[in-house]
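Student: I have a new structure to look at. Please take me through the terms one by one.

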Amino acid sequence: MLDAPSNRPALPPEISRRRTFAIISHPDAGKTTLTEKFLLYGGAIQMAGQVRAKGEARRTRSDFMKMEQDRGISVSASAMSFDYREFRFNLVDTPGHSDFSEDTYRTLTAVDAAVMVIDGAKGVESQTRKLFEVCRLRDLPILTFCNKMDRESRDTFEIIDEIQEMLAIHVTPASWPIGVGREFLGCYDMLRNRLELMDRADRNKVAESIKIEGLDDPKLAKHVPQDLREKLIEEVEMAKELLPALDPQAVLEGHMTPIWFGSAINSFGVKELMDGIATYGPEPQIQAAEPRQIAPEEPTVAGFVFKVQANMDPKHRDRVAFVRLASGHFQRGMKLTHVRSKKPITVSSPVLFLAADRELAEEAWAGDIIGIPNHGQLRIGDTLTEGEALKVTGIPSFAPELLKNCRAGDPMKAKHLDKALMQFAEEGAAKVFKPMVGSGFIVGVVGALQFEVLASRIELEYGLPVRFEPSQFTSARWVHGEKTAVESFVQKNKQHMATDNDGDVVYMTRLQWDIDRVVRDHPELTLSATKEMQ
Ligand code: GDP
């Protein structure tokens, strides 16, 4: 196989064997099934079906809430590590529900590549497209898996055209399907010039495919009926003529995506996709940071928090901070500097998520994801180093699209609400704004379902019933500018002003017209819908 392209010095073997990626897809395309098969091939689980509980829990709202409450499931499924061949794969889960797009965005800052799963009958769907756009913002390499080829699917050229057109990316076939639906027999591996035929006998087994070398192998006639054979030869010729050949550099830069066809449920095409991740993955990449970027091969450890999750036990306020290691060789017990507070943290019980289990991480390398239990010191966007004052950049916070007033159901307990909301804000589950005039809080989220999840968690974790009520505002914008200019603006617009959970100044309104007016009348200020996490 080709070596992954690189214009950088060779990485230490422990780092270069790491592949850290996420799966993006529209619900139902087969992400859970594919994850299960990855783990199966990775030898991490004995039987498929273990990831299923989570996939199904997502289907209904009440189950979703239950899953959120049952933190154990979602914590361990947030990152999964397993070995495949000589590689260590770190699969980071993207939240499936479209309401959690901000969380998803931040998750994608922690990976070096994404696998885009599409349903062969449905092609590019709305959620695929949104997630793809997020990957594009970061020029992430994308590998595509066209799933459910065992069902009636669209014509192969049509699927490829649709991806090229809707997503404006070059598509190169890594494999070519032979027949579809009931007639689906397997794929011709365009990269290795051989046939892999599907064994439908046992779905939960690591499938053994029948290997045929080349399209002129006499064995082809034995396994593939004449009509399909002729169609395959003709299509592969056309594909070679009409579609771009695989250019590993273009894949690395995010301009081209190789596509594999298969059927996750039949374990078919999964191994080829995994080989593809191993080859084009790519290895851990340089991380943007200030005042300088961080290279994975640097000997000292640096990492950043991209996700914080409340722990399994609601009685303890433990959280797990998910840290992507950007460089170095981490060892348990290490003392790292928490750059924001400049305080040292001894990381004595880091967690590695090996498939369904959690294990103490004795060591980890650049590219790995470790969980660090803490009591709230670690926040999204925080950088940990061995002492250097580096700040990882590119982890934004988005202006919420929905705002509501939050009130304690029991006025006697109102002061606890403050604390509860701040903790959720730190977890990244909501934005909390304190208006400069009047009392109470305005809570902002990206998707409506988050209000329900929040209310249920505040009640469960703090014993505090809350109500969310309509707010007079619908938009929030961070105000940036010279300190005096911001202060003078605040004085004149007090009714519209609030501070967010970091104390930053926010302008709130219900009219886009107001925002346009401020932009026009105050060239000395910038109103922005995103801000870098502190
Ligand atoms: P997710 O929502 O993307 O995680 O999708 P799931 O993995 O839960 O799959 C959605 C549905 O499609 C489930 O009923 C799966 O059994 C089914 N499915 C997944 N992969 C395949 C496949 O290759 N062929 C067929 N026919 N069904 C599949």
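Tutor: Start with Leu352. Skipping neighbours within four places in sequence, Leu352 is in contact with Ser81, Glu359, Ala361, Ala364 and Ile370. The model is predicted: local features need pLDDT of at least 70, side-chain atom pairs count only at pLDDT 80 or more, and totals for chains, interfaces and linings use all residues. Residues are numbered from 1 along each chain as its sequence is written.

Student: What makes Leu352 "in contact" with Ser81?

Tutor: Two residues are in contact if their C-beta atoms, placed from the backbone, lie within 7 Å. Ser81 is among the residues that Leu352 contacts.

Student: Why is Leu352 called buried?

Tutor: Buried takes 20 or more other C-beta atoms within 10 Å of the residue's own; 12 or fewer is exposed, and in between is partly exposed, with C-beta atoms placed from the backbone. Leu352 has 21 such neighbours, so Leu352 counts as buried. Of the 534 residues in the protein chain, 47% count as buried.

Student: Where does Leu352 lie?

Tutor: In strand S18, residues 351-354. Strands (E, at least two residues) and helices (H or I, at least four) are DSSP runs, numbered from the N terminus. The protein chain has 16 helices and 33 strands.

Student: Why is H2 called roughly perpendicular to H12?

Tutor: Axes are lines fitted to C-alpha atoms, for helices over the stretch in contact, and angles run from 0 to 180 degrees between N-to-C directions. The axes of H2 (residues 31-41) and H12 (residues 270-280) come within 10 Å and cross at roughly 80°. That makes H2 roughly perpendicular to H12. The label covers 65 to 115 degrees; under 35 is roughly parallel, over 145 roughly antiparallel, and the rest oblique.

Student: Which residues meet there?

Tutor: Leu34, Lys37, Phe38 and Tyr41 in H2 meet Val270, Lys271 and Met274 in H12. By class, this contact of H2 with H12 has 5 nonpolar, no polar and 2 charged residues. Ala, Val, Leu, Ile, Met, Phe, Trp, Tyr, Cys and Pro count as nonpolar, Asp, Glu, Lys and Arg as charged, and the others, Gly among them, as polar.

Student: What makes a nonpolar core?

Tutor: A set of buried Ala, Val, Leu, Ile, Met, Phe, Trp, Tyr and Cys residues joined through C-beta atoms within 7 Å. The largest has 106 residues, and Val115 is among those with the most contacts inside it. Apart from that core lies another of 34 residues, including Phe424 and Val445.
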